[in-house]
Amino acid sequence: MSIAKLVPIAEFCQTGSGTTPSRKKQDAYYGGSVPWVKSGELRETLITTTEESVTEQALRETSLRLAPKGALLVAMYGATVGRVARLGITATTNQAVCHIVPDPKRADEQYLFHALKAKAPELIGRGVGGAQPNISQGTIKDTAIFLPPVPEQRRIAAILDQADALRRLRRQSLSRLSDLGQAKFDEAFGKVQGTVPLEDAVKDTLIGLVRDAEEFGNEFAYPYVRMDAITRNGQFVPALVQKTDADRLELERYALVDGDLLFNTRNSRDLVGKTAIFRGMPGAVFNNNIMRIRFNQKWDPVFVEAYFRSRAGARELEKRKSGTTSVWAVYWSKLKSFPLPEVEYETQLEFRRFIEATWIQEESLKVEQSKYESLFASLQHRAFRGEL
């Protein structure tokens, strides 16, 4: 392997950033033929289309600059800070994006793409600010990259491309498996005519604990599910809280069991009403933004949860939301009339058995996914230390 050294990005790349043209000149500056990339569009992929475009007039009258096809983009702040993408088109960007154009005689674009992804934690660590630190263009330019000769870079990039493709395939398989159950539900029960109000199917409901984690003392670790633990795909990772012996009886009242349906009562508009079936960590408690729902003997929670996620269920939930710009809620007073499709209990259980079979497959795929993630991380670590 050829001898290489760490080289600051500024020594072999041109960098720049864009701006956001005035929205007061919407007609003059927006909707033109020039792609305009925002930081939220950086998702470690090749960018070939953009959500918005700007006009030639905007290019002439503002500080926008075109970045060529093949340029690397790094998000400097916002929710995607540190994220990287590669341009598959000529485009311009907003001020939250730094574009990087390497000298082709010194750096391969795909190699630099992988190198920047590997450097993301370092870049974020050097940022300033709170939960979402800002990265300056100067910080990016000062970042040193392991830079072997270009042929060696291409060899390394090819290895990382192959490993990355394998882990992405596993991610896609998991996503498709997750979608399979919902597709089966929509196909089988999407056109059921009769309905039953939710309150007739429910045995009891309970809103979680008002107190936050740190209020429980420090004698015993106790799993605690927060509002933000219910994600878009129904997975959650309980945080650990502490409990004292005096808290035991109260906490036991809120203890979750496998099969409880968790309903997000307060959040942003798109996340309020999201649901998850609790499984895998009996005894966890939950906070006061979550409603725990248990059903009577005629209703299966997995079936009901699938209906909440269906197109028809989503429409019904939307009717029951209320709130302001940032905080929305679904109250029981409106949720109790939510119409469930009238389906025989044994038919519900057949659907549950199908979903449980996908859960088993999902766990197997997660093991495989973990292996490929570890392989990629190992190769990435070695690649930029000169060990690959």
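Five of the six residues of β9 are buried, so this strand is largely enclosed by the rest of the structure. The model is a predicted one. Its protein chain holds eleven helices and 22 strands. Of the 388 residues in the chain, 47% are buried. Among contacts with a separation of 6 or more, 74% join residues 24 or more positions apart.

**Strand β9 and its partners**

- β9 spans residues 97–102.
- Strand β2, residues 13–17, pairs with β9 in the antiparallel sense. Five bridges link β2 and β9.
- Within that pairing, G16 of β2 faces H99 of β9.
- β6 also pairs with β9, again in the antiparallel sense, here over four bridges.
- H99 in β9 is the bridge partner of L73. H99 also stands opposite G16.
- Strands of a sheet pair through backbone hydrogen bonds, either parallel or antiparallel.

**Nonpolar cores**

- The largest nonpolar core comprises 32 residues. Those with the most contacts inside it are I9, F12, I100, Y111, L112, L116 and I140.
- Six elements are named as giving two or more residues to this core: β6 (72–75), β9 (97–102), α3 (109–125), β10 (144–147), α5 (150–189) and α11 (345–383).
- Helix α3 is the top contributor to this core, giving six residues.
- L116 touches I9, L72, V74, V84 and I100, once residues up to four places away in sequence are set aside.

**Sheet β5-β3-β8**

- Three strands make an open sheet in the order β5-β3-β8. The pairing is mixed.
- β5 (52–54) and β8 (92–93) are the edge strands. Each has a single partner strand, so one side of each lacks a neighbour in the sheet.
- β3 covers residues 30–37 and runs antiparallel to β5, joined by four bridges.
- V34 stands opposite V54 in β5.

**Sheet β16-β21-β20**

- Another open sheet of three strands has the order β16-β21-β20, with antiparallel pairing.
- Its edges are β16 (266–267) and β20 (322–323). With a single partner strand each, β16 and β20 both have one side left without a neighbour in the sheet.
- Two bridges pair β16 with β21, residues 328–329, in the antiparallel sense.
- N267 stands opposite W328 in β21.

**Second largest pocket**

- This pocket holds about 210 Å³ of space.
- Its lining has 13 residues. G273, K274, F308, R309 and A314 lie nearest the pocket centre.
- Helices α8 (301–309) and α9 (311–319) are the elements that give two or more residues to the lining.
- α9 gives the most, with three residues.
- By class, the lining has seven charged, four nonpolar and two polar residues.

**Loop residue N94**

- Where is N94? N94 lies in the loop between β8 and β9.
- Is N94 buried or exposed? The relative accessible area of N94 is 9%, so N94 counts as buried, the cut-off being under 20%.
- In sequence, N94 and V37 are 57 residues apart. In space, their C-alpha atoms are 6.3 Å apart.
- Neighbours within four places aside, N94 contacts G18, T19, T20, W36, V37, K38 and S39.

**Loop residue E44**

- E44 sits in the loop between β3 and β4 (46–47).
- The phi of E44 is near 60°, a positive value in a residue other than glycine.
- Most residues other than glycine have a negative phi.
- E44 counts as partly exposed, at 24% relative accessibility.

Key:
Residues numbered from 1 in each chain as written. Predicted model: local features only at pLDDT ≥ 70, side-chain atom pairs only at ≥ 80, totals over all residues. Heavy atoms only, no water. Core = buried A, V, L, I, M, F, W, Y, C linked by side-chain atoms within 4.5 Å. Buried < 20%, exposed > 50% of the residue type's maximum accessible area, 1.4 Å probe, protein only. Contact = heavy atoms within 4.5 Å. Pairing = 2+ DSSP bridges. 1 Å grid on protein atoms, 1.4 Å probe; cavity = no way out; pocket = protein on both sides within 12 Å on 5 of 7 lines; lining within 4 Å. Points joined across faces, edges and corners; volume = space filled by probe spheres on them. Nonpolar A, V, L, I, M, F, W, Y, C, P; charged D, E, K, R; others polar.
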